[in-house]
Amino acid sequence: MARRPTIKDIARQAGVSESAVSFALNDRPGVSQDTRARIRRVAEELGWQPNSAARALSGERSGAVGLVLARPAHTLGVESFFLQLVSGIQEVLSAARTALLFQVVEDIEAECAVYRRWWAERRVDGVLVVDPRMRDPRPALLAQLGLPAVTIGEPEPEPEPEPEPAVVPAPAVVSAVRADDAGAMAQVLDHLHGLGHRRIVHIAGLPGLAHTVRRMDSLRTEAARRGLGPDQVRSVVTDYSDAEGAAATRRVLAELRPPTALVYDNDVMAVAGSAVAAELGIPVPRRLSIVAWDDSALCRVTHPRLTALVRDTAGFGRLAAEELLAVLAGGPPGVRISEQPRLEPRESTAPPPAHTES
């Protein structure tokens with residue numbers, strides 16, 4: 001294995017003392033500008049990089065932030081949301097020369113254990129927290145540890161949407177980036193109700209996640225505003241996988257009075273549901289309308305193309321990473337609001353047959 005260059009190697013190559021190299025590389029006084037420039041040039045030629053572990057032990061930043069995902073591993077391989085989210089996060093972190101430490105765990109308790117270990121080992125400077133839960137233990141733990149954090153999503157009620165991402169005061173120690181799930185669901189109900197649908201089922205994601213609860217609450221609220229009861233509009237929960245999305249679709253379409261429209265919490269389940277409808281001989285959209293929560297290439301290449309909520313998921317990740325870097329730079333914690341999603345009507349939604357809503 002190649003040996004990593006050391007301060008001693010730089011000193012020997014530059015013809016200076018090791019203390020002079022330390023002063024130059026740590027921006028401390030004690031060497032001339034010419035000597036500092038020569039030492040840095042030699043360090044670059046040798047490929048020297050600071051030891052992150054040693055810097056952490058000395059109280060300096062580690063140069064890394066963490067992201068822990070407590071979800072079933074089998075649900076991650078096909079869902080585009082996290083790929084787009086991480087790409088946006090990585091775009092900002094790369095520009096700041098900050099590493100992303102990523103780990104998948106079984107449950108929320110294991111996630112909290114990772115945070116404690118990372119904090120004790122000074123492994124990361126801060127963390128990005130995904131999938132906020134109702135009665136979430138993580139913000140309190142991170143505040144107790146003093147580990148800077150940004151939650152991507154938030155269990156509190158959504159603020160009024162703004163045309164551009166903005167910063168508003170946050171009551172909590174932990175920062176957050178919010179998405180307007182309630183407003184997005186209202187757009188979906190507006191579209192389907194306007195087409196004439198009165199029997200709608202929401203194929204939701206994991207129960208207990210804050211955004212799942214917000215979407216289900218918003219569905220009930222928006223349905224009630226239009227005079228629709230729980231026997232007409234309701235949610236069923238899944239694990240976000242194509243298998244559970246397909247199974248839920250089969251169950252609701254086998255009912256005595258099946259829904260005329262289905263709203264899926266991600267693109268994978270929507271495509272799986274469309275395949276189930278085709279297998280059962282139920283034409284989309286002539287007898288069944290389908291809406292996907294997050295747009296993706298899957299929604300655009302499926303036939304018929306799926307009506308979907310379009311949002312800048314990578315931009316959501318960029319916003320979260322920018323907020324965390326701002327906090328690490330000494331800024332106050334805050335709440336940033338992502339841009340409002342918009343519904344893109346396509347060929348998978350149409351008015352229901354007249355007899356089905358009688």
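This is a predicted model: local features need pLDDT of at least 70, side-chain atom pairs count only at pLDDT 80 or more; totals for chains, interfaces and linings use all residues.
Is Arg122 buried, exposed or partly exposed? I began my notes with this residue. I find Arg122 partly exposed, with a relative accessible area of 45%.

**Entry: overall**

I counted 13 helices and 13 strands in the protein. I then looked up burial: of the 358 residues, 51% count as buried. I also looked at the contacts with a separation of 6 or more, and 72% of them join residues 24 or more positions apart.

**Entry: positive phi**

I went back to Arg122 for its backbone. Most residues other than glycine have a negative phi, and most peptide bonds are trans. Arg122 has a positive phi of about 55° although it is not a glycine. I located Arg122 in the loop between H6 and strand E3, which covers 126-129.

I noted Arg97 under this heading too. The phi of Arg97 is near 55°, a positive value, and the residue is not glycine. I placed Arg97 in the loop between H5 and E2. Arg97 has 69% relative accessibility and so counts as exposed, since the cut-off for exposed is over 50%.

Pro285 sits in the loop between helix H11 (267-279) and strand E10 (289-292).

I wrote down another cis bond, from His303 to Pro304, with omega near -5°. Pro304 is in a loop as well, between helix H12 (297-301) and strand E11 (307-310).

**Entry: H6 and H7**

Two packed helices are described by the angle between their axes and the distance between the axes. I looked up both values for helix H6 (residues 108-121) and helix H7 (residues 138-145). Their axes come within 11 Å and cross at roughly 10°. Angles under 35 degrees count as roughly parallel, and H6 and H7 are therefore roughly parallel to each other.

Which residues of H6 meet H7? I listed Ile108, Glu111, Cys112, Tyr115, Arg116 and Trp119 on the H6 side. On the H7 side I listed Arg138, Leu141, Leu142 and Leu145. The residues of this contact divide into 7 nonpolar, no polar and 3 charged.

**Entry: the cavity**

Rolling a probe the size of a water molecule over the atoms shows where empty space is left. I looked for cavities of 30 Å³ or more, and the count comes to 1. The volume of the largest cavity is about 240 Å³.

How many residues line the largest cavity? I read off 23, of which Phe81, Asp131, His211, Arg215 and Arg311 lie nearest its centre. By type, the lining has 11 nonpolar, 2 polar and 10 charged residues. Helix H5 (80-95) and helix H9 (210-225) each supply at least two lining residues. H9 gives the most, with 4 residues.

**Entry: Ala246**

I placed Ala246 in helix H10, residues 242-253. At 16% relative accessibility, Ala246 counts as buried, because the cut-off for buried is under 20%. Ala246 and Gly273 are 27 residues apart in sequence, while their C-alpha atoms are 5.1 Å apart in space. Not counting residues up to four places away in sequence, Ala246 touches Ala272 and Val276.

**Entry: Ser338**

Where does Ser338 lie? I found Ser338 in the loop between strand E12 (334-337) and strand E13 (342-344). Ser338 is buried, with a relative accessible area of 13%. Leaving aside residues up to four places away in sequence, I noted that Ser338 touches Arg178, Ala179, Phe316 and Leu319.

**Entry: Phe102**

Phe102 counts as partly exposed, at 42% relative accessibility. Apart from neighbours within four places in sequence, Phe102 is in contact with Leu67 and Leu69. I also noted the spacing of Phe102 and Val127: 25 residues apart in sequence and 9.9 Å apart in space, C-alpha to C-alpha.

Notes
Residues are numbered from 1 along each chain as its sequence is written. Side-chain values use heavy atoms; hydrogens and water are left out. On a 1 Å grid over the protein atoms alone, a cavity is a set of points where a 1.4 Å probe fits but cannot get out, and a pocket is an open set with protein on both sides within 12 Å along at least five of seven lines; lining residues have an atom within 4 Å of a point. Grid points are joined across faces, edges and corners, and a volume is the space filled by probe spheres set on the points. Ala, Val, Leu, Ile, Met, Phe, Trp, Tyr, Cys and Pro count as nonpolar, Asp, Glu, Lys and Arg as charged, and the others, Gly among them, as polar. Axes are lines fitted to C-alpha atoms, for helices over the stretch in contact, and angles run from 0 to 180 degrees between N-to-C directions. Angles under 35 degrees count as roughly parallel, over 145 as roughly antiparallel, 65 to 115 as roughly perpendicular and the rest as oblique. Contact means heavy atoms within 4.5 Å. Buried means under 20% relative accessible area, exposed over 50%, partly exposed in between (1.4 Å probe, protein chains only).
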